Amino acid sequence: YRAAQEALPTAGNAESWVALDTGRPRSGEEVQAEVEYNLAVAYRLRRLGSREENIDQAIDHARKALFFFGGQSPRQMATVRSELAILYGQRVTGDRYQNLELMIGAFKSALKELTPEGTPLQWARAQDGLANAYMDRLAGDAEENVAQAIGHYNQALEVRTRERYPKEWAETQNNLGTAYATRWAWGERRAGVEAVRCYRQALSVRQPETLPAGARQTARNLGQLYFAIRQWRLALDTFAIALEAAERLYAASFSRPGKGAELAENAALYPDAAYAAAQLTSAENALRILEQGKTRLLAEALRLRVPRPEGVVNDTWQAFEAAASEVRATEMPGATPLGGDLVAVQAASRREQAAREAQKALDQAIDRVRDEAPGFLQDLDLRSMLALLPDERTALLTFCVTRRGSIGLLVHRWRQDRVQM
């Protein structure tokens, strides 16, 4: 992209370029605008360097893209404005209040050029993004902002149907569920029913096997809602879905920074699930869940990555790391193509298929590692914990602390029920 910038040093370069997607002649300004847009996306997705500097660079390139389009390509400008809105929402520097207002303004400007008939996918994406901005908004009345968000989510769902765009449909259903859950927290009882409905619908698509990040997000949201109303069985079953997705994401992330990011996302899942299990008088299951999470945290605290188990040959381990890397790559958010909705739909379909294939390859790679090291990435069991006790006079004590309450779990050998609450 930088080389392309050097090839187009000024906006006055009037030589025509041929678009790769349509074959239509394009001016130097349009090519420059596309280069700037792609640079903006690249900086948003960049993992190296400072996050705040990358986002600021991305904003700068998006603004340049708008300048070079110069009002001559309304739909492309709408795509750039939507990207700029996302960047304002992710911006670290500056005033959060102002950044959110800029985010809302950019999405509204984009929607002036988009229609559900002509550009349905981009229009729905902008509606969903605008709703997210209203959910985060600091200005104005909170209840009105949530009402605005619900309206825009429902507009997005006019296009984002389960039949046509299942992944996007599930994303918006999750977001709509969160809006209703916010109303429920304010005392609107009926909103809780709507939140559960939306989350359940999202989970019908967001499965741990195919969309682990989405499954974790939605199952965590729904589990916390059940947790708040003390529906322990439903909470535990839903947290189990989130934990399955979390374990898949943890397994797929073999680098230290990647595992640290996953642990931060999963931090509250384990104690919440353990507490729900304990309320169902399943102290042993509560202990297993809690210790599983603590083991992950301890490994990261010691700055350990998942080590290659003894006896696993190089080829097997390298295949696991390659498969894990591929899963992480498919979880990265993509850019909105400038080629229109058809190109966007085709790209989304390819990404979904790639995600399924990558997850399947990772599962197979983990199985091959387990052929050589059966304990690899397996859950803890009570027997291994009891083996740590030197005699019957020694016990292990651990605490489970959540926002709704706390418990202590005692592991010992002196009674038949080895775990007491």
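This is a predicted model: local features need pLDDT of at least 70, side-chain atom pairs count only at pLDDT 80 or more; totals for chains, interfaces and linings use all residues.
**Entry 1: the chain as a whole**

I began with the overall counts. The protein chain has 17 helices and 5 strands. I then looked up burial, and buried residues account for 47% of the 421 residues in the protein chain. Of the contacts in the protein chain between residues at least 6 apart in sequence, 61% join residues at least 24 apart.

**Entry 2: helices H10 and H11**

Two packed helices are described by the angle between their axes and the distance between the axes. I looked up both values for helix H10, residues 212–228, and helix H11, residues 232–252. Their axes are 8 Å apart, and the packing angle is about 155°. H10 is therefore roughly antiparallel to H11, since an angle over 145 degrees counts as roughly antiparallel. I noted the crossing of H10 and H11 as left-handed.

Next I listed who makes the contact. On the H10 side I found Pro 212, Ala 213, Ala 215, Arg 216, Ala 219 and Arg 220, among others. The H10 list also includes Leu 222, Gly 223, Gln 224, Tyr 226 and Phe 227. On the H11 side the residues include Trp 232, Leu 234, Ala 235, Thr 238, Phe 239 and Ile 241. Also among them in H11 are Ala 242, Ala 245, Ala 246, Arg 248 and Leu 249. Sorted by class, the contact of H10 with H11 has 16 nonpolar, 3 polar and 3 charged residues.

**Entry 3: the loop between H10 and H11**

I then looked at the loop between H10 and H11, where Arg 230 is found. Most residues other than glycine have a negative phi, and most peptide bonds are trans. The phi of Arg 230 is positive, near 60°, and this residue is not glycine. Arg 230 has 54% relative accessibility, so I recorded it as exposed.

Side chains of opposite charge can pair when their charged atoms come close. I searched the whole structure and got 11 salt bridges.

Asp 237 and Arg 233 form a salt bridge, with an N to O distance of 3.5 Å. Both residues lie in H11, 4 residues apart, which is about one turn of the helix. Asp 237 is partly exposed, at 38% relative accessibility. Arg 233 is also partly exposed, at 46%.

Arg 248 pairs with Glu 244, and the closest N and O atoms of this salt bridge are 3.7 Å apart. Arg 248 and Glu 244 are likewise 4 residues apart in H11, about one turn of the helix. Arg 248 counts as buried at 16% relative accessibility, whereas Glu 244 counts as partly exposed at 33%. Arg 248 is also one of the H11 residues in the contact with H10.

I moved on to Arg 190 and Glu 194, whose side chains meet in a salt bridge at 3.5 Å, N to O. Are these two partners buried or exposed? Arg 190 is exposed, with 55% relative accessibility. Glu 194 is buried, with 16%.

**Entry 4: helices H6 and H7**

In H6 the contact residues include Pro 120, Leu 121, Trp 123, Ala 124, Gln 127 and Asp 128. In H7 they include Asn 145, Val 146, Gln 148, Ala 149, His 152 and Tyr 153. By class I noted 13 nonpolar, 6 polar and 2 charged residues in the contact of H6 with H7.

**Entry 5: Ser 325**

Last I looked up Ser 325, which is placed in helix H15, residues 314–331. Ser 325 is partly exposed, at 37% relative accessibility. Which distance separates the C-alpha atoms of Ser 325 and Ala 358? I found 9.1 Å, for residues that are 33 apart along the chain.

Methods. Residues are numbered from 1 along each chain as its sequence is written. Side-chain values use heavy atoms; hydrogens and water are left out. Axes are lines fitted to C-alpha atoms, for helices over the stretch in contact, and angles run from 0 to 180 degrees between N-to-C directions. Helices (H or I, at least four residues) and strands (E, at least two) are DSSP runs, numbered from the N terminus. Angles under 35 degrees count as roughly parallel, over 145 as roughly antiparallel, 65 to 115 as roughly perpendicular and the rest as oblique. A crossing is left-handed if the near helix is turned anticlockwise from the far one by less than a right angle, and right-handed if clockwise. Contact means heavy atoms within 4.5 Å. Ala, Val, Leu, Ile, Met, Phe, Trp, Tyr, Cys and Pro count as nonpolar, Asp, Glu, Lys and Arg as charged, and the others, Gly among them, as polar. A salt bridge is a side-chain nitrogen of Lys or Arg within 4 Å of a carboxyl oxygen of Asp or Glu. Buried means under 20% relative accessible area, exposed over 50%, partly exposed in between (1.4 Å probe, protein chains only).
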